[in-house]
Amino acid sequence: MVDVHSHILPALDDGSKNMEESLEMLRIACDEGIRTMIATPHNMPGKGCPDREKVEKRLSDLRTAAAAAGIDIEILLGTEYYYRSDILEEFEEGRVITMNDTRYVLIEFDPGVNRTYAKNAVREIMALDYRPVIAHVERYPALMERKAEAVKELRTMGALIQVNAGSVIGNIGFKVKQSVKYLLQNGLVDLIGSDAHSSRHRAPRMKECAKYLRKKYNEDYCEHLLNAAALYE
Ligand SMILES: [Fe+2]
């Protein structure tokens with residue numbers, strides 16, 4: 001499996017605290033059947049806004065440490081951008097860190113985001129020739145209401161939709177599980193990620209989610225979701 005959303009890099013944000021914890025998270029990921037992780041540290045005022053050089057350095061340090069520890073997992077470059085209009089300048093100047101150097105950029109919003117704001121963000125990003133991946137869309141009530149009307153619109157505009165593995169299996173409540181189920185049943189999910197922040201209660205777990213998906217949906221759909229195929233289409 002490919003985990004497209006993780007705070008695996010040490011000491012960059014509110015994710016992994018240090019190298020030791022990052023290695024522990026990688027060990028858990030391997031046990032879960034994850035073979036590739038996209039490292040997506042926050043780029044958000046207050047949580048950290050590391051530039052490309054810094055993210056690349058931490059990524060290379062982690063790859064070296066993982067190899068030395070005998071952990072066989074691929075770790076790719078990424079970032080999770082908290083959307084605000086002033087990051088568009090970074091996009092314009094090509095300083096944006098995309099998901100494994102594709103045209104896709106992981107974007108998160110404030111939980112209170114409304115539909116107009118989200119649509120505007122998608123439009124602005126697409127205009128600069130990047131494609132937004134909306135991180136954990138289930139966290140935004142205004143996008144999920146009325147049968148996820150806004151999610152449908154954002155996808156039609158060209159955005160991809162990511163949900164967290166934990167939300168699929170009910171870790172954040174029955175209501176969210178039900179709304180994610182609606183998205184899955186209607187083909188409105190493109191990517192799944194763990195959004196792991198630690199080696200303890202927000203660890204990089206996808207195995208149970210995969211088991212649940214394989215029980216309910218056909219093999220092609222599951223493989224598409226669990227292998228991040230949408231990023232390479
Ligand atoms: Fe995240």
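**A quick tour**

Guide: This is a predicted model. There's an open sheet of six strands in the order S3-S5-S6-S7-S8-S9, and the pairing is parallel.

Visitor: Okay, which are the edge strands?
Guide: Strand S3 (42–43) and strand S9 (191–193), each of which pairs on one side only.

Visitor: How many bridges join S8 and S9?
Guide: Three bridges, in the parallel sense, with S8 covering residues 160–164. Take Gln-162 as an example: Leu-191 in S9 is its bridge partner.

Visitor: Switching to helices. At what angle do H1 and H2 pack?
Guide: About 65°, and their axes are 10 Å apart. H1 is residues 19–32 and H2 is residues 52–68. The crossing is right-handed.

Visitor: Which residues make that contact?
Guide: From H1, you have Met-19, Ser-22, Leu-23 and Leu-26; from H2, Leu-62, Ala-65 and Ala-66. Six of the contact residues are nonpolar, one is polar and none is charged.

Visitor: Is Ala-148 buried or exposed?
Guide: Buried, because it has 21 C-beta neighbours inside 10 Å and the cut-off is 20 or more.

Visitor: And why does Arg-146 count as exposed?
Guide: Because Arg-146 has 9 C-beta neighbours inside 10 Å, and exposed means 12 or fewer.

Definitions and conventions:
Residues are numbered from 1 along each chain as its sequence is written. This is a predicted model: local features need pLDDT of at least 70, side-chain atom pairs count only at pLDDT 80 or more; totals for chains, interfaces and linings use all residues. Axes are lines fitted to C-alpha atoms, for helices over the stretch in contact, and angles run from 0 to 180 degrees between N-to-C directions. Helices (H or I, at least four residues) and strands (E, at least two) are DSSP runs, numbered from the N terminus. A crossing is left-handed if the near helix is turned anticlockwise from the far one by less than a right angle, and right-handed if clockwise. Two residues are in contact if their C-beta atoms, placed from the backbone, lie within 7 Å. Ala, Val, Leu, Ile, Met, Phe, Trp, Tyr, Cys and Pro count as nonpolar, Asp, Glu, Lys and Arg as charged, and the others, Gly among them, as polar. Two strands pair if DSSP finds at least two bridges between them.
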